[in-house]
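Here are my notes from going through this one. Have the model open while you read.

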Amino acid sequence: QGHWLFLRAQMDTKVITLWDSQGRKEENQLYLQSMLRYLGDVYRSKTGQDQVAWKREWELIDDSVNSPRQHSGYDCGVF
């Protein structure tokens, strides 16, 4: 089964937004958390500072309800 996800990290506003072509799902939170963890690791490696407080400033949004829909489960085509 193939479909697409899109994640956008806005560094200036500290917002990570996800769009899933098959709609909102509980497992989308794993993708959002993974992106935040990655950004936190980069932050720590670049600044040498602890990432725990820095990560608390971020907002994670699953905006899949506003995503274009992929109606099949076999292609990942442009709609």
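1. A quick term before anything else: I call it a contact, or say that residues touch, when heavy atoms are within 4.5 Å. On that basis leucine 32 touches Leu7, Ile16, Thr17, Leu18, Leu60, Ile61 and Asp62, leaving out residues up to four places away in sequence.

2. Keep in mind that this is a predicted model, where local features need pLDDT of at least 70, side-chain atom pairs count only at pLDDT 80 or more, and totals for chains, interfaces and linings use all residues. Numbering starts from 1 along each chain as its sequence is written, and side-chain values use heavy atoms, with hydrogens and water left out.

3. The overall layout: the chain has 2 helices and 3 strands, in the sequence pattern β-β-α-α-β. Helices (H or I, at least four residues) and strands (E, at least two) are DSSP runs, numbered from the N terminus. Among contacts between residues at least 6 apart in sequence, 56% join residues at least 24 apart.

4. Now the sheet. It is open, with the order β1-β2-β3 and mixed pairing; two strands pair if DSSP finds at least two bridges between them. β1 (5-10) and β3 (59-62) are the edge strands, each pairing on one side only. β2 and β3 run parallel, joined by 4 bridges, and valine 15 stands opposite glutamate 59 in β3. As for α1, that helix packs on the sheet and touches β1, β2 and β3.

5. Which residues form the largest nonpolar core? There are 8: Ile16, Leu18, Leu32, Leu36, Leu39, Tyr43, Trp54 and Trp58. (Such a core is a set of buried Ala, Val, Leu, Ile, Met, Phe, Trp, Tyr and Cys residues joined through side-chain atoms within 4.5 Å; buried means under 20% relative accessible area with a 1.4 Å probe, counting protein chains only.) β2 (15-20) and α1 (28-47) each supply at least two of its residues, and α1 gives the most, with 4. Across the chain, buried residues make up 28% of the 79 residues.

6. Do have a look at serine 64, in the segment after β3. Serine 64 is buried, at a relative accessible area of 0%. The side chain of serine 64 makes a polar contact with the side chain of aspartate 62 (2.5 Å). A polar atom of the serine 64 side chain also lies 2.9 Å from the backbone nitrogen of aspartate 20. (A polar contact is a pair of N or O atoms within 3.5 Å; within protein, one must be able to donate a hydrogen and the other to accept it, and residues adjacent in sequence count only if both atoms are side-chain atoms.)

Technical notes
Buried < 20%, exposed > 50% of the residue type's maximum accessible area, 1.4 Å probe, protein only. Axes fitted to C-alpha atoms, helices over the stretch in contact; angles between N-to-C directions.
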